[in-house]
Amino acid sequence: MKLPLGYLGFGALVVAVVVTPLLSTHYRTFQFAFVGIYLIALLGLNILTGFTGQISLGHGAFMGIGAYTTTILVVDHGWNNLLTLPVAGIVTGAVGLAFGLPATRFAGPYLALATFAIPLAFIGVLKRFPHFTGGTLGKQLSPLRSELGLHTNPSLWIYIVSWVVALLMLAVAWFTVQGRFGRALRSVRDSEIAATANGVSTAGMKTLAFGISAFFCGVAGGLFAMAVTFVNPDTFPIDLSILLLVGVVLGGAGSLGGMVFGALFVEFIRITWGPALLDLFGHVHHINTRAPGSSLVVYGVVLLLVLYVAPAGVAGLVRRVATGRRSVAAWAKPQAAPAQDQA
Amino acid sequence: MKRTFLLLAAAVLASAAVVVAAGAAPSAAPGVTAKTILLEGTFPLSGPASGYAPIPSGMQAYFSYVNKKGGVNGRKIVFKFEDDGYNPANTVQLTHKFVEQDHAFALVGGLGTEPQLPVRQYLNDNKVPQLFVSTGATTFDRDWSQYPWTIGWQPDYEAEGAIYGKYVAKNFPTAKLGVLYQNDDYGNDYLRGLNAGLTAQHQNMIVATAPYDLSSSPPAAQVAKLKASGADTFVIFATPTPTIQSYVIATKLGWKPAHVITNSVSATDSFLTIATKSGSDLTNGTLTVNYLLDPSNPIYNKTPGMKLYRQIMAKYDPKGNANDGLNLYGVAKAWNIVQLLQSLGKNPTRAGLMKAARNMNFTTKAKKANPFALPGVDIVTRAGDQFPISQVTLVQYQNNVFKPLGKLINGRGA
């Protein structure tokens, strides 16, 4: 009885991916391309946070490394956009592994603080080597052009590319968390002592999880650079790393399908829902919704509301509805455990 | 395992095929209806540059005023602005929304060098006007032949830097300059201008330069370095927040430079007031330049432009701080946009708008000067000169008002 929900979910996702551009403006299609990109990043972070139980506040910078890899290869070395994606993943994965080695000596909140250094250092490094990175002014990719030879709209083209890669990466993530390897990852999350007693190298698994998650974020970053057509330090602010972690928690840490909802949240809260909610508040209370910083208030309120209604994320909520289980303890415990332990 | 994979592969291929088949794009009239004309822009309402948030409010107030009087050639102006948080990734998405979903007639006043750079090529490819960007980065005016759909408005940073150079070389020939500048195109434009204005002959007046990064902590180490260099003239080429911090840090370090020169972007009454209230005693005497009427200085209260500005603010933006020059900047820019739209007649086109922007002649001589600019400031573009505003006057901040020092100077002239 376990299979159908996952298969149904994947089938529904594929149908949604096909149908969405048919029903959307080019701009919405462009936004959904970003949903696919964020999905890849969240799948990666979820392997680290959801399955291995390690919190990272640095994965926005891993996206940045992927984005810069793609941009530098395309702009300075004349590579084809698409061919840079595996390189972006591998370079970022290598950086992730290297960071994973020392970082995994920390646990819980200490690790979160250590990873917080990644986006800070990343911005510093970008500005330190302006000849290589373009410095504050960044680097510009040429605008998107379809490589299909048809008169395909550029927004549709990046949508197709993003989602083909996203669905492939979803499959990769699915295989990663299956079987022995997946069990080993989860054992690190659930009990390090039990994992060690069973012959699992906890430090090794954590480091590997760091590398794999960074690989995902690197690929996502490469696509991000192609979609934005520009990279500079402001494009990868510390907020992005926090937003990615929020996306994992909201989607449901430890659930692959839940990351789709997390990705929708990451894309739409800043650009679409936040301003819309603000306008709504403005109509009701006649407050100045254009005051600086008011969007952040809405963002915080939404986050608190969602966590209150669905502490195990959207995936937990869906599972709760699907299985018809009412008891809070019964549905919240197995899924929310990793997030709550660390929070 | 195998079955799952095949299923996956089939699904991916099927989705790609259907998506490709759905390629055709609908076309829509760009932003002009029988009754309205749609203008949009991105501004930082949150994040490190949110100090600029009054600019779109001022623009909105002026458009409301024009709409109340019947609009432009019978159409009301609908102005929508969105918060990009000064993050170019957000600017790009919002700009796609303006063009592909809202079908804006033109993008107006988009704020910030880095946010506006990545959308420049996109807007030019789509032939959408990127009108009067709110940045003085020289490239937006200089590179007009490469980007015919893009134009700036305010005096560019390089020209402003040159004016400071000329001024100190002439008036304080023995001064020792310590220059704090933002480590990016913005700060470097200013620094390059300063060097050019000093000319090779006075280059040695600069005894120390200290770059800082916008994203790092307050520029304390940099200010300390400038103080230690023995500089007696503190030159600040920074954005508002680090500027305020620099004033406070210099005071706390006990540095008493004879002169402080601060770029016009940051040397507004509201920012200098914050610096004073935060404990700095160095704001008095600050030198900067201005090209617009200054709402914080009562000497302009009798001018028709200031009277109109205060009426507009009182009626259409009563919660805004009318003494903040950024509101006036927005109003003055909106005036210019309305003038262009009016000149297009009954059937405005995007190409017509750019043609009008490339041939502006809003001068005192033509009796069409911008009422919100300083008397004598002309807004002129013509073949070979696409820098709309080039004249400024040096002003000194004394007892909470800016006192003009002498006549208008053309930053791009000899």
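**View 1. Contact residues of helices α2(A) and α10(A) in the predicted model.** From α2(A), the residues taking part are Ala33(A), Phe34(A), Ile37(A), Ile40(A), Ala41(A), Leu43(A), Gly44(A), Leu45(A), Ile47(A) and Leu48(A). Their partners in α10(A) are Ala209(A), Phe210(A), Ile212(A), Ser213(A), Phe215(A), Phe216(A), Cys217(A), Val219(A), Ala220(A), Leu223(A), Phe224(A) and Ala227(A). Sorted by class, this contact holds 20 nonpolar and 2 polar residues, with no charged ones.

**View 2. Packing geometry of α2(A) and α10(A).** Helix α2 of chain A covers residues 26–51, and helix α10 of chain A covers residues 202–228. Their axes lie 7 Å apart and form an angle of about 170°. Angles over 145 degrees count as roughly antiparallel, so α2(A) and α10(A) are roughly antiparallel to each other. The crossing of α2(A) past α10(A) is left-handed.

**View 3. Chain A as the setting of the helix pair.** Chain A has 15 helices and 2 strands. Of its 343 residues, 53% are buried. Among contacts in chain A with a separation of 6 or more, 75% join residues 24 or more positions apart.

View 4. Where they touch, domain 1 of chain B supplies 18 residues and domain 2 of chain B supplies 15 residues. On the domain 1 side of chain B, the touching residues comprise 8 nonpolar, 8 polar and 2 charged.

Conventions. Residues numbered from 1 in each chain as written. Chains lettered and ligands numbered in written order. Predicted model: local features only at pLDDT ≥ 70, side-chain atom pairs only at ≥ 80, totals over all residues. Contact = placed C-beta atoms within 7 Å. Nonpolar A, V, L, I, M, F, W, Y, C, P; charged D, E, K, R; others polar. Helix = DSSP H or I, 4+ residues; strand = E, 2+ residues; numbered from the N terminus. Buried ≥ 20, exposed ≤ 12 C-beta atoms within 10 Å, placed from the backbone. Axes fitted to C-alpha atoms, helices over the stretch in contact; angles between N-to-C directions. Parallel < 35°, antiparallel > 145°, perpendicular 65-115°, else oblique. Left-handed = near helix turned anticlockwise from the far one by under 90°.
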